[in-house]
Amino acid sequence: MHDWRREHVSDKMFLLFLAFLVGLLSAVAAYVLHGLINTIVALLTGRFDTASYNWLYLVYPVIGIYLTSLFVKYIVKDNISHGITRILYAISSNHSRLKAHNTWSSVIASAITIGFGGSVGAEAPIVLTGSAIGSNLGKVFRLDNKTLMTLVGCGAAGAIAGIFKAPIAGLVFTLEVLMIDLTMASLLPILVSCVTATCFTYIFSGNAVMFTFHLDSDWTVARVPATVLLGVACGLVSLYFVRTMNVCEDMFARFKNKSYVRLLIGGTILSLLIFLFPSLYGEGYHSINLLLNGKTEADWNQILDGSLFYGHSEYLILYIAMVLLTKVFATSATNGGGGCGGTFAPSLFIGCFTGFLFSRLWNIHQIGVYVPEKNFALLGMAGVMSGVMHAPLTGIFLIAEITSGYNLFMPLMIVSVASYLTINIFESHSIYGMRLAKQGRLVTHHTDHAVLTLMSLESVIDRDYQAVSPDMELGQMVYKISRSRNSVLPVTDAAGTLLGEVNIIKIRHVVFRTELYHHFTASQLMSEPADVLTVDTPMTLVMRTFERTQADWLPVLDQERHLKGYVSRKRMYDMYRKTVHDLSQD
């Protein structure tokens, strides 16, 4: 079958066909997930009294997290959290290969989590699902690593385009967040996937957009100061969100092997927060629509429904501020307790509340010209998304597309850029990439860094070395030298710990003098290596070490200093050139 395909269908045409298929399947996955979430939410909360608090808010989230953790533990049997970070890791460290279960497991797990009230988003699970579909289709047809990367980008772009009916946002998302370079070889397939996913989503769900928005008043130059300050505020809120999320996740990581402790802590925090602030239930898109479409105080006061604040409109600002501050804890508790979901929707949610709160306070204190609160709620969504994801283009085009808010394109750009520049002072990487960046495993648009990240130290280690003991005589070492492919002989003890190395070139003046064969031992001839590498040394550091030491061979040790093998400088550069060629070939 593969031979027939190669003979009758060109690689470019076949890639476009796969991109179409990935876009279709991503749209189906997004439609199924949102259908499951809406069904579960309607069954659980359809009869809730909006004029009073509801005790079941204390129960549903815990059940959801528990059911999700059981599903992951006994059916999936793998970690499926941090979907977009998992994609970035697959691109940088696993040749763009994602596991087969990722094509469905995140859909089911996130539907349970969010449907029962988990305060996370469905976007990251769907992006992981779309990317996994692309990756596994590529593996089925035995495509090369570069094509697999393109299909992973097609899946991610198609998922974003399908969820939000936003093809341009899907395209720029792969550029900014997944760091996939849009060469001529990858641009057209990704576009095909985006358009396909968007069209099929329209077929499945009609013409309605996710958020309805009607422009209050046209943007004017007089609002530039307020718009810039909103962008700065969004950047600071994004920083708060990212830093607090990391602290909370580190706390839950301490109980990594104690699932019931995590469930108890996460479930308790989440349930109490949702009971106090029902707006935190699920993705929160209903609350976003309330803020975007409100025209009177009565409309905006609906956000207090079902809470202890119901009927107290004087506490609206306090309620908005408290929800804004606690959303990050609700999201962290959901994932930390065992749930499954992403930070995409929470960033939109927090951004909307930030924009509304900023404009309300601005107008109350009459700082400058009046600013429309619903317009600024929309701008805030773009601002926080740009800051959290370090993706200003994604924030601009996504918000413009999902709300048809193209008349606000200029302020969208101002807020997004201001937010990105603000958070970039404190955090140089997105919430998805910061962990991989610390490990040196994040692919970026810097070509040299991207190539080194895509290379694997494991693949260049030469394990065929001739080790000698420290008391081995020169006569015995000659036999080892004759069989060695390296210019060094490692000297190790019985446990395999590296003690030093004998440089064959440096001892050439004694190697051929047989009368000295019993006068020298390895311990007398060995010296310290120019430097040592460890199995987890980033390739960027490996390359710098070779440049600094000018060594031809460097040993690779594990954490106990046991020798794993040697890395050749020549082999390193050969692989570097090959990776550059593969990455840049159109």
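**Figure 1. The hairpin of strands S2 and S3 has five residues between the strands, and Gly 496 takes a positive phi near 90 degrees there.** The model is predicted: local features need pLDDT of at least 70 and side-chain atom pairs count only at pLDDT 80 or more, while totals for chains, interfaces and linings use all residues. Residues are numbered from 1 along each chain as its sequence is written, and side-chain values use heavy atoms, with hydrogens and water left out. Strand S2 covers residues 488–492 and strand S3 residues 498–503; the two run antiparallel and are joined by five bridges. Strands pair if DSSP finds at least two bridges between them. Opposite Val 488 stands Asn 503 in S3. Helices (H or I, at least four residues) and strands (E, at least two) are DSSP runs, numbered from the N terminus.

**Figure 2. The largest nonpolar core has 109 residues.** Phe 164, Phe 344 and Leu 348 have the most contacts inside this core. Helix H15 (residues 344–364) gives the most to the core, with eleven residues. A second, separate core has 18 residues, among them Leu 15, Ala 19, Phe 141 and Ala 197. A nonpolar core is a set of buried Ala, Val, Leu, Ile, Met, Phe, Trp, Tyr and Cys residues joined through side-chain atoms within 4.5 Å. Buried means under 20% relative accessible area, exposed over 50%, and partly exposed in between (1.4 Å probe, protein chains only). Of the 586 residues in the chain, 55% are buried.

**Figure 3. Phe 164 is in contact with residues that include Phe 344 and Leu 348.** Contact means heavy atoms within 4.5 Å.

**Figure 4. Arg 142 has a positive phi, near 55 degrees, in a residue other than glycine.** Most residues other than glycine have a negative phi. Arg 142 lies in the loop between helix H6 (123–140) and helix H7 (145–164). The residue is exposed, with a relative accessible area of 60%.

**Figure 5. Gln 550 also has a positive phi near 55 degrees.** Gln 550 is placed in the loop between helix H25 (539–549) and strand S5 (553–557). With 49% relative accessibility, Gln 550 counts as partly exposed.

Terms used: Lists of a residue's contacts leave out its neighbours within four places in sequence.
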